Amino acid sequence: MINSTASPDDAEVAIAAARAGAEAVRARYGQRHTRIDKGAGDFATDADVAAEEVILDVIRAARPDDAVHGEEGGQRGAADAARQWWVDPLCGTLNYAVGTMLVAVNVALRDGPAAVADPFSDEVFFTDGATAWVRHDGSDTRLAPTAASRLVDVNLDAPFPSAPGFRAVDLLAHPSFVARFRPRVVSTTLALAWVAAGRRAAYVTDGGDLTESVHFAAGIALCRAADCVVTGIDGAPVGQTGRGLVVAADAGTHALLLSMIGAEARAVTS
């Protein structure tokens with residue numbers, strides 16, 4: 001659903017903000033970083049904080065009355081505001097901290113435009129809320145999902161709210177999965193952008209409602225606009241009562257993954 005309060009150039013605001021964050025992330029790559037502990041093994045770095053600040057600067061300048069929820073700075077403005085931006089300044093912080101370039105910068109307007117910037121390829125994947133594109137070297141190319149690669153990204157991070165009925169790690173041992181797909185694990189939003197762009201066949205993760213998560217909102221918006229198949233791990237629509245996420249390039253791949261997930265759940269309960 002497209003936000004009725006979204007304006008035609010909100011996509012350009014999202015792109016500019018994501019690009020600003022990506023520049024901050026790229027500029028600090030390879031340096032010694034200060035770690036900010038969040039508990040349970042999670043942490044941010046000074047690069048996360050710096051990227052979020054420049055993203056906020058862009059949004060404040062262009063949309064001073066909008067609310068923003070940033071992963072590092074939390075809520076600014078009313079949480080139930082009609083125009084709410086979600087910001088994940090560095091998706092893949094652990095990758096980044098150890099010198100791996102598989103990261104992304106996410107900016108999304110609730111029910112509207114969104115952008116995912118790859119700091120190291122200089123690509124920005126974006127949607128105006130209706131269609132999805134990638135911008136590179138000043139040129140925009142329509143995203144075209146395809147399952148031809150058979151590569152599937154599976155999120156193996158805790159927590160596991162659907163266990164024992166579903167654990168992503170068990171999916172990797174499913175005979176049909178091994179026969180049909182090849183598993184990969186990268187930055188969450190980069191993986192979703194790659195499904196939309198045809199570089200991955202699918203993405204699977206456990207969890208609750210991910211549609212209003214700073215980690216997932218931009219990627220889900222991209223995949224929906226690119227006409228990917230987007231549901232929970234139970235095949236139900238994602239949303240407040242949702243369970244995790246299965247995003248596939250086509251209906252056949254999506255059905256195969258759901259059948260495997262269902263088989264794993266039945267094996268646990270039988």
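Visitor: What should I know before reading the values?
Guide: This is a predicted model, where local features need pLDDT of at least 70, side-chain atom pairs count only at pLDDT 80 or more, and totals for chains, interfaces and linings use all residues. Residues are numbered from 1 along each chain as its sequence is written, and side-chain values use heavy atoms, with hydrogens and water left out.

Visitor: Why is α6 called roughly parallel to α7?
Guide: Helix α6 (residues 188–196) and helix α7 (residues 217–225) pack at about 5 degrees, with axes 9 Å apart. Angles under 35 degrees count as roughly parallel, so α6 is roughly parallel to α7.

Visitor: Which residues of α6 and α7 make the contact?
Guide: Thr189, Leu192, Ala193, Val195 and Ala196 of α6 meet Gly219, Ile220, Leu222 and Cys223 of α7; contact means heavy atoms within 4.5 Å.

Visitor: How do you know whether serine 162 is buried or exposed?
Guide: Its relative accessible area is 9%, and buried means under 20%, exposed over 50%, partly exposed in between (1.4 Å probe, protein chains only). Therefore serine 162 is buried. Leaving aside neighbours within four places in sequence, serine 162 is in contact with Asp206, Ile233 and Arg243.

Visitor: What makes a nonpolar core?
Guide: A nonpolar core is a set of buried Ala, Val, Leu, Ile, Met, Phe, Trp, Tyr and Cys residues joined through side-chain atoms within 4.5 Å. The largest has 34 residues, and Cys223 and Cys228 are among those touching the most other members. Helix α6 gives the most to this core, with seven residues.

Key: Axes are lines fitted to C-alpha atoms, for helices over the stretch in contact, and angles run from 0 to 180 degrees between N-to-C directions. Helices (H or I, at least four residues) and strands (E, at least two) are DSSP runs, numbered from the N terminus. Angles under 35 degrees count as roughly parallel, over 145 as roughly antiparallel, 65 to 115 as roughly perpendicular and the rest as oblique.
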